[in-house]
There are 2 protein chains.
Amino acid sequence: MTAKNKPTQKLSASLEDYLEAIYNLQADGEQARSKDIAENLDVSRASVTGALRLLKQKQLVNYQPYDAVTLTNAGKDAAAEVARRHNVLKYFLIKILGVQPEAAQIAACKTEHTLGAETFAKLLAFTEFVREKQKQGQDLAGQFEKFCQKEKAKKNVDTKG
Amino acid sequence: MTAKNKPTQKLSASLEDYLEAIYNLQADGEQARSKDIAENLDVSRASVTGALRLLKQKQLVNYQPYDAVTLTNAGKDAAAEVARRHNVLKYFLIKILGVQPEAAQIAACKTEHTLGAETFAKLLAFTEFVREKQKQGQDLAGQFEKFCQKEKAKKNVDTKG
DNA sequence: GAATATAGTTAGCTGCGACTAACTTGTCAA
DNA sequence: TTGACAAGTTAGTCGCAGCTAACTATATTC
């Protein structure tokens, strides 16, 4: 039980993004260098330096100038939480709503910082619910996709006719 | 057909909020005074003045200092679109996911600016899909609620046992 | 080991969106 | 009609999150 009773200071969306990027780089077995983070988030290297200073202040990263960055335990917890929210969202958007993967990735990035804990919990539960239904032989995602196609066809008729 | 072929300049989340607040005040039959907008959004009156100047620049509001504010046609369209997104989200969160209304209101406010058009369309379609299922005799929202309760009960056992 | 390329930092700037404090305008009541 | 209070504006500040340009440190290569 590592992530419990954490004060878990509120982080800005932007700092959460930096944290997540470092987390992902490390998960890929790569060193998180300033340059990589910059490329990952499409920001300047200078912006990364600024963010690392803030994250160090908050004791979420181990950062010495000109040295490789690693996450502290608190940083790992915070980053894992962001990544978890990201994945919950992305799964829901792609697998249930049928949003295109690229669009879903972007939407998840932007939204992972804003939805509350309750909503994430419900979203997660809903995907489990759909999976459960699947096991029971009802393919809700598939039915929804068909429903969308029908609607689309209807619209085309409307516009043409 | 008023909202078609609009350049519909990209607005910041914050300006969209101002626009929506004015829209809602007017919809309630009230005059949108600076003070009301400030109270509505919980910001200072000075911030409202700043926002109104920007919105005027973009020709979305009719604004003269010391005078009541109204929306231009373009402003109405933009505000209606924001309100529509807000409602789509809120409906989905409350009626399908079963999120508490207050939490849903907050989540919708924060998220209405970030999700893309495709995602909103899918979300809307999904609520229609659920309604369709309802007509056909399958109450998905109700089934999901039961599912959540079962999960909750399970967790309680886990924690206690 | 010096020259150079790459990576990282610093300094200083911008725009946004909030704020406070102080001032101006509008309104209403005595 | 004037004085006081409410509403609105202005000026100036702050923090955040970017940026560029210029500098410094590290690594590589000859």
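**Note on the predicted model**

1. The mean positions of the 25 positive and 20 negative charges of chain A lie 3 Å apart. This value, like those that follow, is computed from a predicted model.

2. Chain A holds seven helices and two strands. Read from the N terminus, the order of its elements is α-α-α-β-β-α-α-α-α. The radius of gyration of chain A is 20 Å, whereas the globule rule gives 15 Å for 161 residues, so the chain is more spread out than a compact globule. Along the principal axes, the C-alpha trace of chain A spans about 65 × 40 × 25 Å.

3. Of the 161 residues in chain A, 38% are buried. When contacts in chain A between residues at least 6 apart in sequence are considered, 53% of them join residues at least 24 apart.

4. The largest nonpolar core comprises 42 residues, and those with the most contacts inside it are A:Phe92, A:Phe126, B:Phe92 and B:Phe126. Two or more residues each are given to this core by α4 (73-96), α5 (101-111), α6 (117-135) and α7 (140-160) of chain A, together with α4 (73-96), α5 (101-111), α6 (117-135) and α7 (140-160) of chain B. As general background, nonpolar side chains in soluble globular proteins tend to be buried together.

5. Which residues does B:Phe92 contact, leaving aside its neighbours within four places in sequence? In chain A, its partners are A:Phe92 and A:Leu123. In chain B, they are B:Leu97, B:Leu123, B:Phe126 and B:Thr127.

6. B:Glu118 is located in helix α6 of chain B. The C-alpha atom of B:Glu118 is separated by 29 Å from that of B:Ala51, a residue 67 places away along the chain.

7. Helix α2 (residues 34-41) of chain A contains the buried residues A:Asp36, A:Ile37 and A:Ala38. The cover over the buried residues of α2(A) includes α1 (13-27) and α3 (45-57) of chain A. After α2(A) comes A:Asp42, which has a positive phi near 55°.

Key:
Residues are numbered from 1 along each chain as its sequence is written. Chains are lettered from A and ligands numbered from 1 in the order in which they are written. This is a predicted model: local features need pLDDT of at least 70, side-chain atom pairs count only at pLDDT 80 or more; totals for chains, interfaces and linings use all residues. Side-chain values use heavy atoms; hydrogens and water are left out. Helices (H or I, at least four residues) and strands (E, at least two) are DSSP runs, numbered from the N terminus. The radius of gyration is taken over C-alpha atoms; the globule rule is 2.2 Å times the number of residues to the power 0.38. Buried means under 20% relative accessible area, exposed over 50%, partly exposed in between (1.4 Å probe, protein chains only). Contact means heavy atoms within 4.5 Å. Lys and Arg count as positive and Asp and Glu as negative; His and the chain ends are not counted. The place of a charge is taken as NZ of Lys, CZ of Arg, CG of Asp or CD of Glu. A nonpolar core is a set of buried Ala, Val, Leu, Ile, Met, Phe, Trp, Tyr and Cys residues joined through side-chain atoms within 4.5 Å.
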